[in-house]
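Subject: Structure for you to look at

Hello,

Here is the structure I said I would pass on. My notes on it follow below the view.

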Amino acid sequence: MKKFILSVAILFGATMLTHAQTSLSIKPIMEQGLEFVKEIEKKYDGKAIITKAEFDFALDDNYTMIDLTNSLTYIFAGLGDENIEDISLVVYKNENGSWVKVSEDSEFKNSAVVSYQPPSAGEYAVDIKVNKYKTADKIGHVGLFILATK
């Protein structure tokens, strides 16, 4: 009986360790991100080019600062991995030291896309807000893609 209990404990521990390693790996979000951005590029007939792509450990807010010009239209695309149920993507403009929201996608899903043509060049911020995780652990990764088109 002791051997049986020990075997079950070892199997449980190995399963939990494998799950933890999978949850911490950035590889799944990178693979998802590749497919996600291919679909966005298809939607814009190959006329949108990726200007920035980044992956990060998910926090409740994940900010990226970027300077934008008013001569291009930008497509901001955010993605949460399989551990994230819902994200919002919010674009802010720095106006005299205050951050003002200029665009948002807040549909209930683990991806978001915002198309935005800045009325003026300047400093902008993109926030991927994680609204809901699939587990109480609050662990996961997010990906951000910024594409530009004329």
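Start with strand β8, which is covered on both faces. On one side His-141, Gly-143, Phe-145, Leu-147 and Thr-149 are all buried, and on the other Val-142, Leu-144, Ile-146 and Ala-148 are buried too. In a regular strand the side chains alternate between the two faces of the sheet. Nine of the nine residues of β8 are buried, so the strand is largely enclosed by the rest of the structure. Please keep in mind that this is a predicted model.

β8 has strand partners as well. Strand β1 pairs with β8 in the antiparallel sense, over eight bridges, and within that pairing Phe-55 stands opposite Gly-143. Strand β3 (residues 73-80) also pairs with β8, again antiparallel and over eight bridges. There, Thr-73 has Thr-149 as its bridge partner.

Aromatic pairs

The count of aromatic pairs comes to five. One of them joins Phe-55 and Phe-145: the ring centres are 5.7 Å apart and the planes stand at 85°, so this pair is edge-to-face. Phe-55 belongs to strand β1 (residues 49-57) and Phe-145 to strand β8 (residues 141-149), so the pair ties together parts that are 90 residues apart in sequence.

Phe-55 has a relative accessible area of 25%, which makes it partly exposed. Ring pairs also bring in Phe-36, which forms a cluster with Phe-55 and Phe-145.

The four-stranded sheet

There is an open sheet of four strands in the order β2-β7-β4-β5, with antiparallel pairing. β2 and β5 (98-105) stand at its edges with a single partner strand each, so one side of each has no neighbour in the sheet. Neighbouring strands of this sheet are turned against each other by 30° on average, with direction ignored.

β7 (residues 122-133) pairs with two strands of this sheet. With β2 (residues 61-68) the pairing is antiparallel over eight bridges, and Tyr-63 has Asp-127 in β7 as its bridge partner. With β4 (residues 84-95) the pairing is antiparallel over nine bridges.

The chain as a whole

What does the secondary structure of the protein chain come to? It comes to two helices and eight strands, and along the sequence these follow the pattern α-α-β-β-β-β-β-β-β-β. Buried residues make up 37% of the 150 residues. Among contacts between residues at least 6 apart in sequence, 79% join residues at least 24 apart. The chain exposes about 8800 Å², and carbon and sulfur atoms supply 57% of that area.

Regards

Definitions and conventions: Residues are numbered from 1 along each chain as its sequence is written. This is a predicted model: local features need pLDDT of at least 70, side-chain atom pairs count only at pLDDT 80 or more; totals for chains, interfaces and linings use all residues. Side-chain values use heavy atoms; hydrogens and water are left out. Two strands pair if DSSP finds at least two bridges between them. Rings of Phe, Tyr and Trp (its six-membered ring) pair if their centres lie within 6.5 Å; planes under 30 degrees apart count as stacked, over 60 as edge-to-face and the rest as tilted. Buried means under 20% relative accessible area, exposed over 50%, partly exposed in between (1.4 Å probe, protein chains only). Axes are lines fitted to C-alpha atoms, for helices over the stretch in contact, and angles run from 0 to 180 degrees between N-to-C directions. Contact means heavy atoms within 4.5 Å. Accessible areas come from the Shrake-Rupley method with a 1.4 Å probe; for residues, only the protein chains shown count as cover.
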